[in-house]
Amino acid sequence: PVGGERIADQFELLHEIVPRDFLKRVLYDIEERKFEGRNAKKRKKIFTNLLSLNLSRNNFGPKVMGSIMVSLGSPRCGIISLDVSDNPIGLSDQEIAGNASEAALDIREGFLGNQSLTHFYANNTKFMYTDLVTIFGGLCHHMFLQTLCLRDVPMDEPAALQLGNALQHVQTLTYLDIYNCHLGPNGGMIVATKLKAMFHKLLYMNLSGNYIGPVSAMYLSEGLRVTHPPCALRTMLLANNDLLEEGGSYIAKALVGNISITDIDLSGNFLTHVTATHIADAVRGLFKDGIKLRDSSFKRFRCNDNPQIGRRGSRHIVKALANAMMEHVELRNIGAGPGTGEAIAQYMRDPLVAWSFMDISNNNLTRVGLNQIFWALRTNKRIRVIRVGENRAGTIFCSDGDNLLQHGIAVPKCIIHNTYIRELDLSYNSLTSEAGMNIFDALLQN
């Protein structure tokens, strides 16, 4: 706190802010008298080119934050990017660090007066709910913000309502990250009702870890369906939100025909095989009367930790993901079986399939499905990362007993012939020492 206060004092001096502390004001007045009278000193003009200020992880408190934000409201301030993440700004200590409620008022004042800030990062700042209401009230009047990042900042319903109002008034916002803010179903619904009217300007939206539930997903899906103005969203992250089958189906149906989203994360949402069918329809592209009108734009797809998708649903998804656009695929712990492994192997042999990253760990592919994948990988030239850990392969996998007639063992043959793979994960598959020797012998020939 002491070091941060000294920096803040100089920051105020740089922007010609009169100190508010009594002792500092006395010293300031003494210095000012040197520029008055017959023998006055000539005042030097100080100019600054500072555009970006990163003060994250410095352990300063609310007093320092208040000083910085008051300076931010100065007409002389030209900072466009401010990062105060991972500082205990919301924890009050009247003697040392200052009062958090007063800092919240200063932040509000800074937002009201500032004309330059476009990127604001305040992750994990430990503000109380009441202070967040004050801060978001200032954001409602800031017309130039483009990036707002508030990761790990828990919010109650009043704070979520004020945040929603701020999002509605800031017309320039393109990047929103409110990961793990514990909005809950009520807070999530409040924010979602505001966000659904913003998809024509937002490019990045991260709502992961907020447990917003299926009702909020319905509002988000309404925003995705709007065509005038068209959706501009590129990245939509909705992991760990308890969407369930209904919420996941709302989102998936709204994505059919979408041509803007390239990155989507639906991990940890208790999705089922019914949802998987709708997701496959969205990823496959837009069809009408059996004729494909256009491909989907997805390049990165994550659907981890949804074990209820099961074997049938996972095959539907894999079939839909096999196209010339999809590059990054994560299907960890979705209940996939050996049949899914055979389907993956089939599409890995297709040179038009663009997969470069594949994570199918923690499923039930078994030795049968894994061997099919590695036989297909021998000639694949696109895959750079393949993760197949914890797939119940058994002790025979990669050992001499896994030899396929005169063709050899799948994994060592893949390692010898494929020189494009950069990362291979076989962890937690009950490999024996004999299997390990076969793998390392193959590595010597790679």
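A: The chain has a mean pLDDT of 91, and 99% of its residues reach 70 or more. pLDDT is the predictor's confidence in each residue, from 0 to 100. This is a predicted model, where local features need pLDDT of at least 70, side-chain atom pairs count only at 80 or more, and totals for chains, interfaces and linings use all residues. Residues are numbered from 1 along each chain as its sequence is written, and side-chain values use heavy atoms, with hydrogens and water left out. Confidence is lowest in helix α2 (residues 22-33), at a mean of 73. Strand β13 (residues 357-359) has the highest, at 98. Helices (H or I, at least four residues) and strands (E, at least two) are DSSP runs, numbered from the N terminus.

Now the pockets. A pocket is an open set of points on a 1 Å grid over the protein atoms alone, with protein on both sides within 12 Å along at least five of seven lines. A cavity is a set where a 1.4 Å probe fits but cannot get out. Lining residues have an atom within 4 Å of a point. Points are joined across faces, edges and corners, and a volume is the space filled by probe spheres set on them.

The largest pocket has a volume of about 700 Å³. It is lined by 21 residues, and Leu 13, Tyr 28, Glu 32, Arg 43 and Ile 46 are the closest to its centre. Helices α1 (2-14) and α2 each give at least two residues to this lining. By class, the lining has nine nonpolar, one polar and eleven charged residues. Here Ala, Val, Leu, Ile, Met, Phe, Trp, Tyr, Cys and Pro count as nonpolar, Asp, Glu, Lys and Arg as charged, and the others, Gly among them, as polar.

The second largest pocket holds about 370 Å³. Of its 19 lining residues, Arg 20, Asp 21, Lys 63, Ser 67 and Glu 102 lie nearest the centre. Helices α1, α3 (62-72) and α4 (100-113) each supply at least two. The largest share, five residues, comes from α3. This lining has five nonpolar, five polar and nine charged residues.

Last, the cavities. The whole structure has three of 30 Å³ or more. The lining of the largest cavity has 14 nonpolar residues, one polar and no charged.
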